[in-house]
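Let's take a walk through this structure together. Have the sequence and the 3D view open as you read.

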Amino acid sequence: DFEKGICGWREDPTGHFEWVRHAGSTSSYYTGPTSDHTYGNSSGHYIYVEASTQGKGDRARMISSEFPSSGPQCQMQFYYHMYGTSIGTLRILLNNQTLLWNMTGNQGNRWRKATVDIGLQGDFNIALEAVMKNGYTGDIAIDDISFINCAIGSDGEYNGPADITFEDMRKLFSHINQYSHEDDTYWVIEKGKWDWYYNKPQADHTYGNTSGHFAEVLHSPLPYNYHEPEPSILYLPWMETLSRHCSMRFYYYLNGWNTGDLEIGTVDTTSKDPVYQLKISGAQGSSWQEATIKLGERGLFRPVFTATAQGSTSYSSIAIDDISFLTCPVELLCKDTQDWNCGVPQCINRQRVCDFRQDCTDSSDEASCGDCDFQHSICGWVNEAYDDK
């Protein structure tokens, strides 16, 4: 409301003149307010541009502080006063370049309210720009700026399209649609159950009961003398972060004998091999644990969860649940629920997977569809239990 200063706003040095904090009437007749909007008297303050000494096309620009991110419903509200026969244009800009709102010409001798949609953003600022017209009766004023519905959450979590709880099956299959596995170890969607002997989660993390879902590495029985590690990679969709403050939070469960390792990292467009940031090894107890990795602002990438089983027993569990992104919005490359993420940054319709045509440029849509020489994996074939003896 500009009563105690300009609240972190700063002048753009490339402007021709400056916004001024002021109280009472402006210095010219027949233009500008006589009082502020906050208190409605001559003691209250506002900011304005003085037109009497400026030429046509001259501009003044005031820039806000840097915001790390905003939620999808974010709006900016303010009051403006544009009274006089020589009023130019008032503009609201995003990051000094994208026009969000503008008003031109005489709007009468009164304060008017404006609401500007900002929406989902990361690392952004807002600029107030006044562009002059010829004449001294062109003063433009602003007061009572506020940002509403912009917070991402009390803990910084934004429940966006990339977040995964493993409950929404339609959303789930849009995201977890590609995995690689060696031999008989691969990721599946499970529910909690009482299974002390096998050290499985008794409940999911989302709801804390046996109805909720999570992702778990499935082990088929291995020979007693088998000791070769078996990596199983779970890929999340292609996405990009919009803030340098971005982090990814998730919950993990590692328990049992010879549990193995869980590694978390990313794949981007520069390399097909994951770059890991965190490794969790061995049994961590019979409860869900929280972990966070930093992502920062980056181009297209995919989060990756790699589980490596150890030893000759399947009496262990590696599971994850409730993947979310903190202090940042995240944009998905493939936004439709029927999209399938190729191994490269490309989206195809889900019905085109395993249709005997190579629709992805890297052929990943046909990689686990039956053709196999069994040299490196079992190519999507799975063992199915049956009752015939």
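**A buried charge and its partner**

Glu-129 is buried, with a relative accessible area of 3%; buried here means under 20% relative accessible area, exposed over 50%, and partly exposed in between (1.4 Å probe, protein chains only). Before going on, note that this is a predicted model, in which local features need pLDDT of at least 70 and side-chain atom pairs count only at pLDDT 80 or more, while totals for chains, interfaces and linings use all residues. Residues are numbered from 1 along each chain as its sequence is written, and side-chain values use heavy atoms, leaving out hydrogens and water.

So what does Glu-129 pair with in a salt bridge? The side chain of Arg-59 meets that of Glu-129 at 3.9 Å, N to O; a salt bridge is a side-chain nitrogen of Lys or Arg within 4 Å of a carboxyl oxygen of Asp or Glu. Arg-59 sits in strand β4 (residues 59-63) and Glu-129 in strand β11 (residues 126-131), so the pair ties together parts that are 70 residues apart in sequence. Strands (E, at least two residues) and helices (H or I, at least four) are DSSP runs, numbered from the N terminus.

The structure holds seven salt bridges. Another one joins Glu-216 and Lys-200 at 3.6 Å, N to O. Glu-216 belongs to strand β16 and Lys-200 to the loop between β15 and β16, so this pair links parts 16 residues apart in sequence. Both Glu-216 and Lys-200 are buried.

Asp-204 is buried yet has no salt bridge, and the nearest side chain of opposite charge, Lys-191, is 10 Å away. For that count, Lys and Arg are positive and Asp and Glu negative, with His and the chain ends not counted. Leaving out residues up to four places away in sequence, Asp-204 touches several residues, among them Glu-167, His-213 and Trp-288; contact means heavy atoms within 4.5 Å.

Now for the strands. The protein's secondary structure comes to one helix and 27 strands. Take β6 (residues 75-82): six of its eight residues are buried, so β6 is largely enclosed by the rest of the structure. It runs antiparallel to β9 (residues 112-117) over six bridges, and two strands pair if DSSP finds at least two bridges between them. Met-76 stands opposite Val-116 in β9. Seven bridges join β6 to β12 (residues 140-148), again antiparallel, with Tyr-79 opposite Asp-143 in β12.
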